[in-house]
Amino acid sequence: MTYQPSEPDSPTENTVAQKPSVAKPWLNSFPSDVPETIDAGRYQNINEMFKNVFAAHSDKAAFINMGHSLSYRDLEEKSRAFAAYLQNTLHMKKGDRIALMMPNLLQYPITILGALKAGLVVVNVNPLYTPRELEHQLRDSGATAIVAVTNFGNNLQQVVAKTSIKHIILTRIGDELAPHKRTLVNFVVKYVKKMVPKYSLPGAISLKRALTQGKSLSYHEPDLGPDDLAYLQYTGGTTGPAKGAMLTHRNIVANVLQVYAHFAPRTLLENEHAVTPLPLYHIFANSVSMMLIMYFGGTNLLITNPRDLDSMVSDLKKYPFTMIFGLNTLFNALNNHEGFRSLDFSSANFTIAGGMATQKHVAEEWQKITGMPIIEGYGLTECSPVVAGGVHTQQSFIHSVGVPMPSTDIRIVDDENNELNIGEIGEIQIRGPQVMKGYWRQDLESNAVMHDDGWISSGDIGKMDDNGFISIEDRKKDMILVSGFNVFPTEVEEVATLHSKVTEAAAIGVPDDITGEKVKLVVVTNGSVTADEIKKHCRKHLTRYKVPKVIEFRDELPKTNVGKILRRELRD
């Protein structure tokens with residue numbers, strides 16, 4: 001059965017193909033209005049995918065940030081002006097790389113859509129990178145232009161001479177706000193909070209000036225095909241320097257259509273009011289939080305600093321949101337925030353989690369507070385990123401990342417690449433139109449994970465039940481081997497955080513003369529508790545070899561800017 005929204009010839013019309021006659025084992029688990037396949041060739045490129053959106057929703061707010069909104073009309077005009085500036089003033093051409101280094105601001109959708117309109121390849125950069133990390137990504141990508149927030153100008157200054165960057169475009173935090181708000185925000189950020197270290201970047205131009213100049217310039221639509229690169233999306237570099245996943249226009253278009261087909265029946269489409277606290281330079285927030293909500297014609301509240309919970313909750317009070325994206329650490333923090341608990345959740349309908357495993361007690365408390373079940377998704381940068389998700393009819397949290405997206409095959413294999421049976425644990429492999437082209441200038445790394453028959457190895461350990469529901473056990477590299485037995489850190493961490501005094505936990509393997517490895521648990525607590533008490537608690541829920549032998553107390557755990565706990569830093 002094919003899902004068909006009501007408006008033909010609009011961005012929300014039918015985007016899926018009929019199911020093929022060959023059934024898949026999980027098909028019975030799909031709600032009847034979710035198709036098995038999508039038409040990945042429906043649009044030639046990302047720009048084409050959004051043409052109807054801009055026309056159909058021109059007067060609606062596309063994005064809101066710091067109390068100021070950006071309509072779809074404004075977004076179209078400003079992104080077109082930026083594209084014209086890139087083409088005519090900077091003389092950038094199709095395939096040139098441009099780096100974007102900023103948190104969630106209105107400037108982000110303007111510049112990324114402008115770059116894509118100009119046919120450029122976007123290199124998303126974490127603005128919190130150290131100079132060393134920033135230098136690697138700029139050098140490796142060969143980016144010749146960068147758009148950066150002035151807060152990070154000092155880091156850029158330290159490395160720019162060692163890169164291929166020729167054009168620097170700077171913007172201040174408040175530059176897309178209303179004039180009075182802009183002046184106030186920029187003053188407070190620079191002079192009161194002192195968040196802008198001194199820098200010297202001769203020749204840099206302001207984004208405001210670039211947009212003003214671009215308005216009067218002609219824009220030439222580039223000839224972009226499905227296989228042309230859209231992003232170089234860098235992975236976290238867990239096994240060495242970060243690698244650039246080559247994501248094509250087809251990859252991104254396919255993933256938007258896949259997630260749309262999978263979840264759209266639960267959404268309010270153009271009436272959706274989403275909240276995006278995860279950074280847009282992260283592929284999950286980029287493809288799903290931003291691109292998907294735009295494809296709906298919905299409105300998106302961008303949270304610039306989700307670690308400032310008071311400010312985030314203040315924004316949520318003024319915004320009757322229907323959907324929110326996040327991950328376990330954010331949900332846990334909000335659960336324990338009194339201001340959040342007292343919000344009006346009468347319009348709240350939908351919560352999507354990604355990035356890391358959601359703990360059951362966190363999800364249950366979240367639903368108790370908000371009335372929304374957390375529906376988990378699973379993906380990886382190399383897959384644009386979503387490959388599986390909970391079904392849209394789900395009414396409560398389940399310990400599964402759901403079933404494969406439409407047009408996506410998933411299998412579980414052993415170390416020799418043999419396919420395992422239902423219920424057996426092994427490495428997850430994926431095949432579908434969202435799978436990357438390969439790693440940028442890394443043939444050996446590409447060949448190590450990509451296979452001739454279209455499958456890609458994920459590095460994640462999991463299993464699938466007979467209904468096609470997938471459970472993630474852990475990262476292959478994070479698995480702990482105790483006396484030949486596999487211990488999955490997420491299981492130990494979830495048990496540990498069931499203790500009322502343990503707020504966060506991370507389990508890692510450390511050397512042991514007798515067992516090879518033993519489990520070490522690093523915890524953040526919210527009260528007085530001893531290591532012995534935590535071990536005693538764990539023994540109630542875990543087999544002996546899984547019980548932590550070493551407990552370390554810390555004030556905080558190392559995390560990515562998304563909020564994912566960095567076990568590798570604890571191991572190092």
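Reader: Which residues line the largest cavity?
Author: This is a predicted model, in which local features need pLDDT of at least 70, side-chain atom pairs count only at pLDDT 80 or more, and totals for chains, interfaces and linings use all residues. Residues are numbered from 1 along each chain as its sequence is written, and side-chain values use heavy atoms, without hydrogens or water. A cavity is a set of points, on a 1 Å grid over the protein atoms alone, where a 1.4 Å probe fits but cannot get out, and lining residues have an atom within 4 Å of a point. The lining of the largest cavity consists of Asn47, Phe50, Phe54, Leu113 and Lys117.

Reader: Which helix gives the most to the lining of the largest cavity?
Author: Helices (DSSP runs of H or I, at least four residues) and strands (runs of E, at least two) are numbered from the N terminus. At least two lining residues come from each of α1 and α3 (107–117). With 3 residues, the most is given by α1.

Reader: How much space lies in the largest cavity?
Author: The structure holds 1 cavity of 30 Å³ or more. Its lining has 3 nonpolar, 1 polar and 1 charged residues, where Ala, Val, Leu, Ile, Met, Phe, Trp, Tyr, Cys and Pro count as nonpolar, Asp, Glu, Lys and Arg as charged, and the others, Gly among them, as polar. A volume is the space filled by probe spheres set on the grid points, which are joined across faces, edges and corners. For the largest cavity that space is about 40 Å³.

Reader: Which residues are closest to the centre of the second largest pocket?
Author: A pocket is an open set of points with protein on both sides within 12 Å along at least five of seven lines. The second largest pocket contains about 1,000 Å³ of space. Of the 36 residues that line the second largest pocket, the closest to its centre are Met66, Thr304, Asn305, Asp308 and Ser311.

Reader: Which element supplies the largest share of the lining of the second largest pocket?
Author: By class, this lining comprises 21 nonpolar, 9 polar and 6 charged residues. β3 (61–65), α6 (179–192) and α10 (309–317) each contribute at least two residues. The largest share, 5 residues, belongs to α6.

Reader: Which are the edge strands of the open sheet of 9 strands?
Author: The order in this mixed sheet is β4-β3-β13-β12-β14-β15-β16-β17-β18, two strands being paired if DSSP finds at least two bridges between them. Within the sheet, β12 (273–276) and β14 (323–326) run parallel and are joined by 2 bridges, with Ala274 opposite Met323. Pairing on one side only marks the edge strands, β4 (68–71) and β18 (403–404).

Reader: Which residues beyond its sequence neighbours is Ala40 in contact with?
Author: Ala40 lies in the loop between β2 (37–38) and α1 (46–56). Its relative accessible area is 9%, which means that Ala40 is buried. Contact requires heavy atoms within 4.5 Å. Leaving aside neighbours within four places in sequence, the contacts of Ala40 are Arg250, Val253, Ala254 and Pro433.

Reader: Is Ser384 buried or exposed?
Author: Ser384 is in the loop between β16 and β17 (386–389) and has a positive phi of about 75°, although it is not a glycine. A cis peptide bond, with omega about 0°, joins Ser384 to Pro385. Most residues other than glycine have a negative phi, and most peptide bonds are trans. With a relative accessible area of 0%, Ser384 is buried.

Reader: Is Lys194 buried or exposed?
Author: Lys194 has a positive phi of about 50° and is not a glycine. Its place is in the loop between α6 and β9 (205–206). At a relative accessible area of 64%, Lys194 is exposed.

Reader: Which residue in the turn between β21 and β22 has a positive phi?
Author: β21 (456–464) and β22 (470–475) run antiparallel and are joined by 5 bridges, and Ile461 has Asp474 as its bridge partner. The two strands form a hairpin with 5 residues between them. The residue in the turn with a positive phi, of about 85°, is Gly468.

Technical notes. Buried < 20%, exposed > 50% of the residue type's maximum accessible area, 1.4 Å probe, protein only.
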